[in-house]
Amino acid sequence: PGHALTYHMHERRDETWTVIEGRGHVKLDGNEFAVSEGQTVRIPRGSFHTIRAETLLKVMEVQVGEDIDVEDKVVWGC
């Protein structure tokens, strides 16, 4: 609870997050909304995004793109 990813985006991949357990808040291109178990969020490449845990939060992430690489991450403000 209380932990979050950095607000970031990817230029070469899309992501889909599915909440497996718990509750949190997603921020996607400046819009924030609550998520909970069973919900799915689609994150297109080029979209800034983060997730913050409200409770213990388990999320399954699926990445699709031509180049899945740790270097494909642009952090907001950097």
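Two strands pair if DSSP finds at least two bridges between them. Strands here are DSSP runs of E, at least two residues long, numbered from the N terminus. In S7, Asp-14 has Val-64 as its bridge partner.

This is a predicted model: local features need pLDDT of at least 70, side-chain atom pairs count only at pLDDT 80 or more, and totals for chains, interfaces and linings use all residues. Residues are numbered from 1 along each chain as its sequence is written, and side-chain values use heavy atoms, with hydrogens and water left out.

**Strands**

- An open sheet of 3 strands runs in the order S5-S2-S7, with antiparallel pairing.
- S5 and S7 are its edge strands, and each pairs on one side only.
- S2 and S7 pair in the antiparallel sense over 8 bridges.
- Strand S3 (residues 23-28) pairs with strand S4 (residues 31-36), also antiparallel, over 6 bridges.
- S3 and S4 form a hairpin with 2 residues between them. In the turn, Asp-29 has a positive phi of about 50°.
- His-25 stands opposite Ala-34 in S4.

**Nonpolar core**

- A nonpolar core is a set of buried Ala, Val, Leu, Ile, Met, Phe, Trp, Tyr and Cys residues joined through side-chain atoms within 4.5 Å. Buried means under 20% relative accessible area, exposed over 50%, and partly exposed in between (1.4 Å probe, protein chains only).
- The largest such core has 8 residues: Trp-17, Val-19, Val-26, Leu-28, Val-35, Val-41, Ile-43 and Ile-51.
- Strand S2 (13-21), S3 and strand S5 (40-43) each supply at least two residues of this core.

**Asp-72**

- Asp-72 sits in the loop between strand S7 (58-65) and strand S8 (74-75).
- Asp-72 is buried, at 2% relative accessible area.
- A polar atom of the Asp-72 side chain lies 2.8 Å from the backbone nitrogen of Glu-11.

**Aromatic pairs**

- Rings of Phe, Tyr and Trp (its six-membered ring) pair if their centres lie within 6.5 Å; planes under 30 degrees apart count as stacked, over 60 as edge-to-face and the rest as tilted. This rule gives 3 aromatic pairs.
- The ring centres of Tyr-7 and Trp-76 are 5.5 Å apart and the planes are at 55°, so the pair is tilted.
- Tyr-7 lies before strand S1 (8-9) and Trp-76 after S8, so this pair ties together parts 69 residues apart in sequence.
- Tyr-7 is buried at 15% relative accessibility, whereas Trp-76 is exposed at 55%.
- The ring centres of Phe-48 and Trp-76 are 5.0 Å apart with planes at 90°, so that pair is edge-to-face.
- Ring pairs link Tyr-7, Phe-48 and Trp-76 into a cluster.

Technical notes. Helices (H or I, at least four residues) and strands (E, at least two) are DSSP runs, numbered from the N terminus. A polar contact is a pair of N or O atoms within 3.5 Å; within protein, one must be able to donate a hydrogen and the other to accept it, and residues adjacent in sequence count only if both atoms are side-chain atoms.
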